[in-house]
Amino acid sequence: MFGQLREDTRAMCERDPAAKRCLEVALAYPGVHAVWGHRITHRLWNAGFRLVARLVSHLVRLLTGVEIHPAATIGRRVTIDHGMGVVIGETAVVGDDVHMYHGVTLGGDTNEPVKRHPTVEDGVKIGANATLLGDITIGENAAVGAGSVVTGDVDAGTTVAGVPAQPIGE
């Protein structure tokens, strides 16, 4: 567990040029705290303590401004820069080494009890206020531009931007 905390802290230190010391990140970065809180709520959820998981998740949201459903799957070294306003839905899957900025939404597009939130593969970067909707896949090492609305799959290594999001030139 402590190894994972150190790994998360180091990942943010490496990705955020404003992070001067890892101690500062560990103590004062709400995006990191939200991911740590999710690790607790996800364990509670999977152990069958769903109401407790939702209550703890609510407290984490109040403290950090980041809402991650306890059932969402979050990989290793996921970083949320600034954090405020990030929403990650129940059936979302976020891979390893994903970096996202404030205001990102990984939202659903149906009220049916099915996989209805995005899958974000390893190494993806998601810009501020981007909205990803539905059971879509954002391929490995892709990038989503700030303010984009993504409603379809994004191929690995592709950068998309706009409303609706479209691939942009190299």
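1. Asp97 counts as partly exposed, at 27% relative accessibility. Partly exposed covers the range between buried (under 20% relative accessible area) and exposed (over 50%), with a 1.4 Å probe and protein chains only. Asp97 sits in the loop between strand E5 (93–94) and E6. Its phi is near 60 degrees, a positive value in a residue other than glycine.

2. A word on the basis: this is a predicted model, in which local features need pLDDT of at least 70, side-chain atom pairs count only at pLDDT 80 or more, and totals for chains, interfaces and linings use all residues. Residues are numbered from 1 along each chain as its sequence is written, and side-chain values use heavy atoms, with hydrogens and water left out. Helices (H or I, at least four residues) and strands (E, at least two) are DSSP runs, numbered from the N terminus.

3. His82 also has a positive phi, near 70 degrees, and is a residue other than glycine. It is found in the loop between E3 and strand E4 (87–88). At 54% relative accessibility, His82 counts as exposed.

4. A further backbone point is the peptide bond from Val163 to Pro164. This bond is cis, with omega near -5 degrees. Pro164 lies in the loop between strand E14 (159–161) and E15. For context, most residues other than glycine have a negative phi, and most peptide bonds are trans.

5. Next, the sheet. Six strands form an open sheet with mixed pairing, in the order E3-E6-E9-E12-E14-E15. Its edge strands are E3 (79–81) and E15 (166–167), each of which pairs on one side only. Two strands pair if DSSP finds at least two bridges between them.

6. Inside that order, E6 (residues 99–101) and E9 (residues 125–126) run parallel and are joined by two bridges. Met100 stands opposite Ile126 in E9. Helix H1 (residues 2–15) lies across E3 and E6, running at about 45 degrees to E3.

7. How do H3 and H4 pack? Helix H3 (residues 30–46) and helix H4 (residues 50–64) pack at an angle of about 175 degrees, with their axes 8 Å apart. Axes are lines fitted to C-alpha atoms, for helices over the stretch in contact, and angles run from 0 to 180 degrees between N-to-C directions. H3 and H4 are therefore roughly antiparallel to each other, a label for angles over 145 degrees.

8. The contact of H3 with H4 involves residues from both helices. On the H3 side, the residues include Pro30, His33, Ala34 and Trp45; on the H4 side, they include Arg50, Val56, Val60 and Thr64. Contact means heavy atoms within 4.5 Å. The residues of this contact divide into eight nonpolar, five polar and two charged. Here Ala, Val, Leu, Ile, Met, Phe, Trp, Tyr, Cys and Pro count as nonpolar, Asp, Glu, Lys and Arg as charged, and the others, Gly among them, as polar.

9. Leaving aside neighbours within four places in sequence, Ala34 is in contact with Val60, Thr64, Val66 and Ile68. Ala34 and Glu112 are 78 residues apart in sequence and 27 Å apart in space, C-alpha to C-alpha.

10. How many disulfides are there? A search of the whole structure finds one. It joins Cys13 to Cys22, with S to S at 2.4 Å. A disulfide is a pair of cysteine sulfur atoms within 2.5 Å. Cys13 is buried, with a relative accessible area of 18%, whereas Cys22 is partly exposed, at 33%.

Terms used:
Angles under 35 degrees count as roughly parallel, over 145 as roughly antiparallel, 65 to 115 as roughly perpendicular and the rest as oblique.
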